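Biologist: I would like to learn how to read a protein model. Could we go through one together, feature by feature?

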Amino acid sequence: MRLKLILYCVAFMSFLTIAGQACFGGNEERTENKKMKYILTELEYPVDALEPWIDSETVAIHHGKHQAAYVANLNKALESEPNFKFDGSVEALISGLDKVPENIRTAVRNNGGGVWNHTFYWRGLSPEKSEPSPELMAAIKESFGSFEELKKQMNAAAVGRFGSGWAWLGVSPDGKLKICSTPNQDAPIMGEAVSACNMIPILTIDVWEHAYYLKYQNRRPEYAECIWNIVNWKRVSERYQFAVDKKKVLL
Ligand SMILES: [Fe+2]
């Protein structure tokens, strides 16, 4: 009898685990409980995995405090407008800001952008060395002339962004790779009218001071240069192919 009870408990716990994964998905989907809240997506690596290029304290605070605050403030903004019943992903939410009620649109733009941009940033980095796919490398050479020139232009976008924002590499409608930068938490997926970028992003560099100040202080160019040591080229190559084939962004 006791054994049966234990087996039932194990089966029930397994069900809860699977159901939990289905609900949360690690992809900022709003949970399927009554509260309908977004949750913070976990990092794919430990906080010290990007050392020595990005220190563990920066990653821990950046993800666990800054990104977490964007998640909390996005939920708060949506809760303040209960008549706006949206239960899709953050990506879908910020891709259609014109459908968001005007009184919470700025909060959703800033905090929804803050949530999605950071997840996109973290997933574009990795401690494991990888190389651009042959297709992506060919596109880099066609669009920029060389890999070094891509780095130069991306770093210039990162350094040249006044104040806080993001540098982006993406696929433009003509299929070529382009670079642009956005202020605050704006993202190319918000559309050209909002972000002034007409591209499907495949890589980003966060140039808010909180991304680098503990280690690099005011040396943003050094931080931008160091990012190239930890780019997750495997995923960026997948994103490139997805953008070319499906005309959609891949988180
Ligand atoms: Fe950030």
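Biologist: Which residues in helix 6 meet which residues in helix 9?

Modeller: Keep in mind that this is a predicted model. On the helix 6 side you will find Asn-155, Ala-158 and Val-159, and they meet Arg-220, Pro-221, Ala-224 and Glu-225 of helix 9. By class, this contact has 4 nonpolar, 1 polar and 2 charged residues.

Biologist: How many bridges link strand 1 to strand 2, and how many join strand 1 to strand 3?

Modeller: Strand 1 (residues 165-171) pairs with strand 2 over 7 bridges, and 6 bridges join strand 1 to strand 3. In strand 2 its bridge partner is Thr-182, while in strand 3 the bridge partner of Trp-166 is Asp-206.

Biologist: Which way do the residues of strand 1 point?

Modeller: Start with the general idea: in a regular strand the side chains alternate between the two faces of the sheet. Here, Gly-165, Ala-167, Leu-169 and Val-171 point one way from strand 1, whereas Trp-166, Trp-168 and Gly-170 point the other way.

Biologist: What should I know about a nonpolar core, and which residues touch the most other members here?

Modeller: In soluble globular proteins, nonpolar side chains tend to be buried together. The largest nonpolar core in this model has 56 residues, and Leu-74, Ile-94, Met-154, Ala-167, Trp-168 and Ile-205 touch the most other members. Helix 2 (residues 56-79) gives the most to this core, with 6 residues. Beyond its neighbours within four places in sequence, Leu-74 is in contact with Tyr-38, Val-108, Asn-111, Gly-112 and Val-115.

Biologist: How do I judge a single residue? Is Trp-233 buried or exposed?

Modeller: Count the other C-beta atoms within 10 Å: 20 or more makes a residue buried, and 12 or fewer makes it exposed. Trp-233 has 20, so Trp-233 is buried. By contrast, Thr-106 is exposed because its count is 12. Trp-233 lies in helix 10 (residues 233-246), and Thr-106 lies in helix 4 (residues 102-123).

Biologist: How far apart are Trp-233 and Pro-132 in sequence and in space?

Modeller: They are 101 residues apart in sequence and 5.0 Å apart in space, C-alpha to C-alpha. Leaving aside neighbours within four places in sequence, Trp-233 is in contact with Ser-130, Glu-131 and Pro-132.

Biologist: My last topic is the backbone. Where is there a cis peptide bond, and which residues have a positive phi?

Modeller: The cis peptide bond joins Glu-51 and Pro-52, with omega about 0 degrees. Pro-52 is in the loop between helix 1 (2-24) and helix 2. As for phi, Gly-175 takes a positive value near 90 degrees in the hairpin of strand 1 and strand 2. Asn-184 is not a glycine, yet its phi is positive, at about 55 degrees. Asn-184 sits in the loop between strand 2 and helix 7 (192-195). Ala-196, in the loop between helix 7 and strand 3, has a positive phi near 65 degrees.

Key. Residues numbered from 1 in each chain as written. Predicted model: local features only at pLDDT ≥ 70, side-chain atom pairs only at ≥ 80, totals over all residues. Pairing = 2+ DSSP bridges. Helix = DSSP H or I, 4+ residues; strand = E, 2+ residues; numbered from the N terminus. Contact = placed C-beta atoms within 7 Å. Nonpolar A, V, L, I, M, F, W, Y, C, P; charged D, E, K, R; others polar. Core = buried A, V, L, I, M, F, W, Y, C linked by C-beta atoms within 7 Å.
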